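Please take a moment with the sequence and the 3D structure shown here before reading on. The paragraphs below are meant to be read with both in view.

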Amino acid sequence: DAVEFTPAIVIGSGYGGAVAALRLGEAGIRTLVLEMGRLWNTSGPDGKVFCSTATPDRRSMWFRTRTEAPLATFLWLDVVNKDISPYPGVLDRVHYDHMSVYVGRGVGGGSLVNGGMAVTPLQSYFAEQFPTVDTAEMYRTYFPRARSMLGVNTVDPAWFESTEWYRFTRISRKHASNAGLKTTFVPNVYDFGYMQREAAGTATRSALAGEVIYGNNHGKRSLDQTYLASALGTGNVTIHTLERVKSISRAADGTYVLAVDRIDDTGTVVETKEYGCTYLFLGGGSVGTTELLVRARESGTLPALDAGVGTGWGTNGNVMLGRANHLWDTVGANQSTMPVMGIDDWANAANPVFAEIAPLPMGLEHWVSLYLAITKNPERASFSYDSATGAVKLGWSAAQSAVSVGMAKKLFDRINRANTTMYRYDLFGSGNKVFADDFTYHPLGGCVLGKATDDYGRVKGYSRLYVTDGSLVPGSIGVNPFVTITALAERTMARVLVEDTAP
Ligand code: FDA
């Protein structure tokens, strides 16, 4: 079959891919975005595009027969997960030994399923993680640009203090403060004006109806409404969905050739295609991009890729846990799914932790305070290639997760002591597990900036090949990562469009 040629191709439509697509389109470069997930714009039989967390159906997860929610049980009961029929659903859980990685699938990538927390890292920690990047320029130019493009806003503090929907957050704040810990408001891309109308009963509920990890039908400014809408608006960008890039190679003339499977709703490959391009941008996310490049180097299609490709991967120190509150400290049956506050103990050099106060909306009072802790776990892992199966494996160990747990436990032991409370043992399966340390929402690294690439995401060993996504971040950023990923992609595109694409 003939190779379909486009000047630029972007793999993936998450944060890194969306920024690349918009800036290429604005520069007048015809660009094709290849996304393995669906375009989420069509209502199902219930009149909604996405299903809720309470009643998940086939739209919830990527080709599964049963959902795999982060919180597996309640009172040790298997009441959370449901049988579903296989379909290209919006949330995937990619399994490796000792670690699984949650990712979004669809036009918008992780923005479709995430909690919307839009946090700019501490400048000093960003500088520590990216010693070769001009930090002042990042905080002057690219972070503000990312926040404004993403539509970041903050909850009205007066409403926050009075609404039943954030009672769970106020209780956790009180308990942190009893332990002498600082809390901080966290911005979000969910439209808080819309949320207040939901609470008032004048808008259809989404964040206030338990919607989040399987998609929000309203309120959230996901990438399909921001960067990607603008990218399509340039007239130069096309998005192909349900097309999965399998391999990358290079033709004799230096252009890139992609082998792609187009799948249908059953996952059957209905067409194999070849695409060609001059400029190739990888935005498949930390595990998507790293798998493609590790496979390309090891299988010999891009043999000159640097040894740094496939290294420097981390979980952003993620650990999830629940605390059991006293009977008088009710968290409320009504909880917004969008987190707005974190316990900020990052400045504690002995044990830096930033813990998001997470919702657990079950429509009943359960006295659980839930958290997603981000710890400064220094452990990193590498990916390897199994030539027999063609699979790419991640070499993360249980001992590496234990480091995150140790750090989270120090902080939450302190909170429990100050409040004479204890952990919940019933949330993460039958084994009385307190700390969920076997999954991450924040996969980072694999093609680290300045190691696998130059200081602008240009992949070492090849020209006109770029990484723009979370694989550039060296395993940890200390806060929720998408604002950082977006800002770094903006910085890369500003440079590349000036230096690499001049006629
Ligand atoms: P991202 O994963 O967004 O996009 C990659 C895209 O590429 C996907 O659409 C994928 O389908 C596609 N793709 C991959 N391989 C491909 C291939 N071979 N061919 C074609 N397409 C391919 N962060 C934050 O800052 N605040 C928060 O509140 C949260 N909360 C949160 C909750 C949950 C449940 C999850 C899963 C994640 C979060 N995150 C978060 C993390 C955040 O969503 C994540 O860091 C970013 O989405 C990563 O952006 P990237 O651009 O790296 O890839």
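This is a predicted model: local features need pLDDT of at least 70, side-chain atom pairs count only at pLDDT 80 or more; totals for chains, interfaces and linings use all residues.

What follows goes from the confidence of the model to the ligand and its surroundings, and then to several individual residues.

The protein chain has a mean pLDDT of 97, and 99% of its residues reach 70 or more. For the model as a whole, the scores are an ipTM of 1.00 and a pTM of 0.98.

A backbone N or O atom of Met117 is placed 2.7 Å from a nitrogen atom of the ligand, and a polar backbone atom of Met36 is 3.2 Å from a ligand nitrogen atom. At Gly16, a backbone N or O atom lies 2.9 Å from an oxygen atom of the ligand. On its own the ligand has 1000 Å² of accessible area, and the protein covers 96% of it.

Gly16 is part of helix H1, and it counts as buried because its relative accessibility is 2%, where the cut-off for buried is under 20%. Setting aside neighbours within four places in sequence, Gly16 is in contact with Thr468, Asp469, Ile485 and Ala489. Gly16 and Arg323, by comparison, are 307 residues apart in sequence and 35 Å apart in space, taken from C-alpha to C-alpha.

Apart from residues within four places of it in sequence, Thr6 has contacts with Arg30, Thr31, Leu32, Gly276, Cys277 and Thr278.

From there the reader may move to the loop between strand E2 (31-34) and strand E3 (91-96), where Ser60 is found. Is Ser60 buried or exposed? Ser60 counts as buried, because its relative accessibility is 0%. Its contacts, not counting residues up to four places away in sequence, are with Cys51, Thr67, Ile84, Gly89, Val90, Leu91 and Tyr214.

Phe63 also lies in the loop between E2 and E3. Phe63 has a relative accessible area of 23% and is therefore partly exposed. Its backbone carries a positive phi of about 45°, although Phe63 is not a glycine.

A positive phi in a residue other than glycine is found at His98 as well, where the value is near 70°. His98 sits in the loop between E3 and E4, and with a relative accessibility of 47% it counts as partly exposed, a class that ends where exposed begins, over 50%.

How values were computed. Residues are numbered from 1 along each chain as its sequence is written. Side-chain values use heavy atoms; hydrogens and water are left out. pLDDT is the predictor's confidence in each residue, from 0 to 100. A polar contact is a pair of N or O atoms within 3.5 Å; within protein, one must be able to donate a hydrogen and the other to accept it, and residues adjacent in sequence count only if both atoms are side-chain atoms. Accessible areas come from the Shrake-Rupley method with a 1.4 Å probe; for residues, only the protein chains shown count as cover. Helices (H or I, at least four residues) and strands (E, at least two) are DSSP runs, numbered from the N terminus. Buried means under 20% relative accessible area, exposed over 50%, partly exposed in between (1.4 Å probe, protein chains only). Contact means heavy atoms within 4.5 Å.
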